[in-house]
Each structure stands twice: as C-alpha cells, then as structure tokens.
Amino acid sequence: MSQRARWALVVIALAGPVMTSAIGAAPAAAQDARAAEQAEAAYRRAVAHRRAGQLDEAAAAAEEAIRLRPTHAAAHFTLGAVRRQQNRLDDALVSFRRVAELEPQSQEAQAMIGAVLARLNRCDEAVPALRRAVELRAQDAASWGNLGACLRRLRRVDEAIHAYELALVQLPDDPDLLNNYAVALRQAGRPEEAIAALEGAMARHPDSPDVHLNLAIAYRSIQRYPEAAREYEAWYALVPAPSDPGPLFDLGFCYEQTNRREDAVRIYRVYQGLVRGHDQGGTDRVAERLQGLGAP
C-alpha cells in the first residue's frame, strides 16, 4: 500500500466518530432541554410552597429541581432559605455555600453565609463573608448589623465601631445600626459618645424601645440617675409587658438613687411579680432591696 493510501485510511477512520457524535447530539440536547424545563417547574413550585409556609413541600421541590439541574443556583438558594427557616442551619449553610460556588458575585449568598454562621456563633468564619456581602452591596443593613455584632462577640470592639461608622455613611437613619453603634461605643468605655449617638438616634426614632433602653443604660453607667430613670420609664411605656424584666429592677435602683422611695417600691413589686416562681436569683435580689427600703 502506498504512503498516500495509508494516510487516506487514517483520515477516514478519524472522520467516522465525528459523524456519529453529530447524529447523537440532537437527542441529548433535547433531553437536557427537557430536564432544564422540569427543573425550572420544580423550582417555581418550591418558591410557591415557601410563600405558602409549606416548608417540607418547598424543600422537596427545591431538591427535585437540583436533582434535575445540579447547577440551578436559585434552587440551591431557596433550599437554603427553607432550611434556615426550619432551623437546620448546617444544611442551610451547605446550600448557600453551593450558591457562592456557582455564582461568586452573589451578594445574597455571602450575606446568608454570614448570617447563618453568626447564628451558629461561628463569628470568626462569618466576618469575611459579611465583609464581602457589604462590599458587594453597601446598603445591606442586615449584613452590616451582623458584622458589627460578630466583631463585638469576638471582642474586636474598635473594629465593630469602625464597621458601624461605615454602615452609617450608607444608612444614616437606620435605627438598629444607630443603636448598636452606641452600644459598641459604651462597650469601648466611651459612654459620653454613646449618649450623643443615642440622643441623635432618639431625634430620628423617638418611639424606639431599644434606643430608650440603651440610652438609660448609658446614663446609668455614668451615674446620671435622673436621666436614666426617665429613659427606663419611656422604655417601659413602650414595652409594658417585657419578656426580660431586668430593666425594671434597674429602674427601681435609679429611683432609689434619686430618693424616690415610693416609686422604687412600686416598680420593685412589679419586677417581683414577673420573676417570682422562675428566677430565684431575681426574687432574692429584689426582696433584699425591698427590705432595705423598709417595705413590708
């Protein structure tokens, strides 16, 4: 066989499979298209179930969408959101991290990774994700708040203050950011600055219980008891049935320091009624204060 003939045979042998692959491409593409369509339908069902509060059904539909199309980022995100609502935080974290792998520029994925890690008290891991979330969207108040809270838990209070200051450049009227900024200032031993920040927040949000309460705590920390009592009273007027009655004890103490004995006895009695039977330490503590006031 001539050299030319041998080359011709090689060319023919190589060309054959290419033709076969082209013939099979159409059915494969059709199957992929059907799977993608079915995945999208399952994803839409997951969203509808979640909106209806049907979390188990939502999770099942999202998982079906992911089985049909493993790279369906929105389905992974929905599954993560459902698992978070179900308090299955480790599972939620897996889903949100998968979204971040599929879509590295997803701000929502970074925000959710940070939020879940914060809930798991894994703040050292949460901080980088939250920093990335606010880098991608500077007006994400929730991520700024989570970032500040994590830094405070890690005792990196100066970094928390700086984060809140950056956040307030973007969201100057956000009551939670203003409030937590002031709390961080107080934790850093800067009570006067905390008071100034809280008074500024009060001007914008006069009906915020948290602002009144933290302003009361800041005043009490520097023994400005009349102002502290005023702010505790404002808090109590806004929260007449507090889940945590502790501030009422502090209000009683402020009344004692300003020689308002009858008011102190009255509010201590309210506190006593709220803690009796389930907080022995609080019960003993208030009994001691009442005894010191000569109350029957």
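This is a predicted model: local features need pLDDT of at least 70, side-chain atom pairs count only at pLDDT 80 or more; totals for chains, interfaces and linings use all residues.
**Entry 1: α2 length and burial.** I started with helix α2, residues 55-68. Its 14 residues at 1.5 Å a residue should span 20 Å, and I got 20 Å between the end C-alpha atoms, so the two agree. Then I looked up which α2 residues are buried: Leu-55, Ala-58, Ala-59, Ala-61, Ala-62, Ala-65, Ile-66 and Leu-68.

**Entry 2: α3 against α4.** Next I took helix α3 (residues 73-85) with helix α4 (residues 89-102). Their axes sit 8 Å apart, at an angle of about 160°. Anything over 145 counts as roughly antiparallel, so α3 and α4 get that label. I noted the crossing of α3 and α4 as left-handed. On the α3 side I listed Ala-73, His-76, Phe-77, Leu-79, Gly-80, Ala-81, Arg-83 and Arg-84 in the contact. From α4 come Leu-89, Asp-91, Ala-92, Ser-95, Phe-96, Arg-98, Val-99 and Leu-102. By type, the α3 and α4 contact residues split into 9 nonpolar, 3 polar and 4 charged.

**Entry 3: α5 against α6.** I have their crossing down as left-handed. α5 brings Gln-107, Gln-110, Ala-111, Ile-113, Gly-114, Ala-115, Leu-117 and Ala-118 to the contact. α6 answers with Cys-123, Glu-125, Ala-126, Ala-129, Leu-130, Arg-132, Ala-133 and Leu-136. I sorted the residues of this α5 and α6 contact into 11 nonpolar, 3 polar and 2 charged.

Key. Residues are numbered from 1 along each chain as its sequence is written. Side-chain values use heavy atoms; hydrogens and water are left out. Axes are lines fitted to C-alpha atoms, for helices over the stretch in contact, and angles run from 0 to 180 degrees between N-to-C directions. Helices (H or I, at least four residues) and strands (E, at least two) are DSSP runs, numbered from the N terminus. Angles under 35 degrees count as roughly parallel, over 145 as roughly antiparallel, 65 to 115 as roughly perpendicular and the rest as oblique. A crossing is left-handed if the near helix is turned anticlockwise from the far one by less than a right angle, and right-handed if clockwise. Contact means heavy atoms within 4.5 Å. Ala, Val, Leu, Ile, Met, Phe, Trp, Tyr, Cys and Pro count as nonpolar, Asp, Glu, Lys and Arg as charged, and the others, Gly among them, as polar. The expected span of a helix is 1.5 Å times one less than its number of residues. Buried means under 20% relative accessible area, exposed over 50%, partly exposed in between (1.4 Å probe, protein chains only).
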